[in-house]
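Dear colleague,

Please read the notes with the model open beside them.

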Amino acid sequence: MIDVRLRMLEMVARHGTVTGGAEALQYSPSTVSQRIGQLAQELRVDLLERHGRNVRLTPAALTLLEHVDVMSREWERARADLDAYADSVQGVLTVCGFSTAASVLLPPVMRSLVHRYPHMDTRMVEAEPAECYDLVLAGEADVGVVVVTASTPPRTEGRFAQHHLLEDPLDLVVPQDHPLAGKRSASIVEAAGEDWIIGCPGSTYHQLVTASCAAAGFTPNIAHHADEWETGIALVSAGFGVCVVSRLSRWPDLHPVARIPLSGENSPSRRIAAVTRAGAQRRRPVAHALAELARVAEELATR
């Protein structure tokens, strides 16, 4: 119900460029520029202005987006209120999440949704946390499971509602014949002199590991980049370095390694949360998905 041109303007604001906003919405940059230009003509105000080679939002655009936030929240609340008049919940509910969440948290939640709402289709999209925010904001997903970092929108961000799920510590993984292999726990500093296998630059995994190492007082010697846990484990098993992996993560027992819990104040940990559009958390299927996510997360944390 929200004009797609307003969604385009939101994405340009979120990504800082027309190209970034267009990619998030899977439009061409020229289409986004043209549609926002049409909206500006209808409203008789400038929405974008040139700033060097890029564009930036005008004060009028920022004012308009404040109203879009209110419109979006009220629309989601209206949908929640109308749930009371529906005989059954129908349509499509889409959940998205990063790889670990997609494999560990989301399947049991989707199974519960299918049982609770048999007339509703449930779909899942595996996506990086930043992409999950884009999918939720664009209305392509109803619930996203993300890793909260310094670069993700804060809890005070008016367009989203954020729901904490659990803390996910990272464990150190070393070859089986490594001197640390027999320890019950270790500090990240004890692996400061090792070759490291971490995620590609720009990934949440990369940011988390480098930030934890920096807080512990060292810069890791990055020997290899691997975004998938299983790839990192394979490299560790073959003697190419060490890595850290999510405690929630599971992988086939193809590559024997030693997994050691990290201890100390600089031990890396991922804060996992569910995000929805502001106001959408009251809709029946979304509320049920959030409750199931909290239940599954509590079981995993206890285990």
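His288 has a relative accessible area of 11%, and because the limit for a buried residue is under 20%, His288 counts as buried. Please keep in mind here, and throughout, that this is a predicted model. His288 sits in helix α10, which runs over residues 284–302, and, once residues up to four places away in sequence are set aside, His288 touches Ser112, Leu113, Arg116 and Tyr117.

As for the chain as a whole, its secondary structure comes to 10 helices and 11 strands, and the C-alpha trace spans about 70 × 55 × 30 Å along its principal axes. Of the 303 residues in the chain, 48% are buried. Among the contacts with a separation of 6 or more, 72% are made by residues 24 or more positions apart.

Turning to the interior, nonpolar side chains tend to be buried together in soluble globular proteins. The largest nonpolar core in this model has 34 residues, and those with the most contacts inside it are Leu9, Val32, Ile36, Leu47 and Leu64. Two or more residues of this core come from each of α1, α2, α3 (29–43), β2 (54–57), α4, α7, β5 (143–148) and β11 (269–277).

The next topic is the empty space, which is shown by rolling a probe the size of a water molecule over the atoms. How many cavities of 30 Å³ or more does a search of the whole structure find? The search finds 1, and the largest cavity has a volume of about 70 Å³. Its lining is made up of Arg7, Glu10, Asp69, Ser72, Arg73, Leu137, Gly158, Arg159, Arg277 and Ala278. The elements that give two or more residues to this lining are α1 and α4, and α4 gives the most, with 3 residues. By class, the cavity lining holds 6 charged, 2 polar and 2 nonpolar residues.

Arg7 is found in helix α1, and it counts as buried because its relative accessibility is 13%, where the limit is under 20%. Not counting residues up to four places away in sequence, Arg7 touches Ile2, Leu25, Ser72 and Leu137. For a sense of distance across the model, Arg7 and Ser237 are 46 Å apart in space, C-alpha to C-alpha, and 230 residues apart in sequence.

The largest pocket holds about 580 Å³ of space, and it is lined by 27 residues, of which Leu25, Leu135, Ala138, Gly139 and Glu140 lie nearest its centre. Two or more of its lining residues come from each of α1 (4–15), α2 (18–25), α4 (59–82), β3 (91–97) and α7 (129–137). That lining divides into 13 nonpolar, 9 charged and 5 polar residues.

The second largest pocket has a volume of about 290 Å³, and of the 16 residues that line it, Ser99, Glu128, Tyr205, Asp227 and Arg270 lie nearest its centre. Helix α8 (residues 204–215) provides the largest share of this lining, 3 residues, and by class the lining comes to 8 nonpolar, 5 charged and 3 polar residues.

Is Glu128, then, buried or exposed, or partly exposed? Glu128 is partly exposed, with a relative accessible area of 46%, a value that falls between the limits of 20% and 50%. Glu128 is found in the loop between β4 (120–126) and α7. Glu128 and Glu10 are 19 Å apart in space, C-alpha to C-alpha, although 118 residues separate them in sequence.

With best wishes

How values were computed: Residues are numbered from 1 along each chain as its sequence is written. This is a predicted model: local features need pLDDT of at least 70, side-chain atom pairs count only at pLDDT 80 or more; totals for chains, interfaces and linings use all residues. Side-chain values use heavy atoms; hydrogens and water are left out. On a 1 Å grid over the protein atoms alone, a cavity is a set of points where a 1.4 Å probe fits but cannot get out, and a pocket is an open set with protein on both sides within 12 Å along at least five of seven lines; lining residues have an atom within 4 Å of a point. Grid points are joined across faces, edges and corners, and a volume is the space filled by probe spheres set on the points. Helices (H or I, at least four residues) and strands (E, at least two) are DSSP runs, numbered from the N terminus. Ala, Val, Leu, Ile, Met, Phe, Trp, Tyr, Cys and Pro count as nonpolar, Asp, Glu, Lys and Arg as charged, and the others, Gly among them, as polar. Buried means under 20% relative accessible area, exposed over 50%, partly exposed in between (1.4 Å probe, protein chains only). Contact means heavy atoms within 4.5 Å. A nonpolar core is a set of buried Ala, Val, Leu, Ile, Met, Phe, Trp, Tyr and Cys residues joined through side-chain atoms within 4.5 Å.
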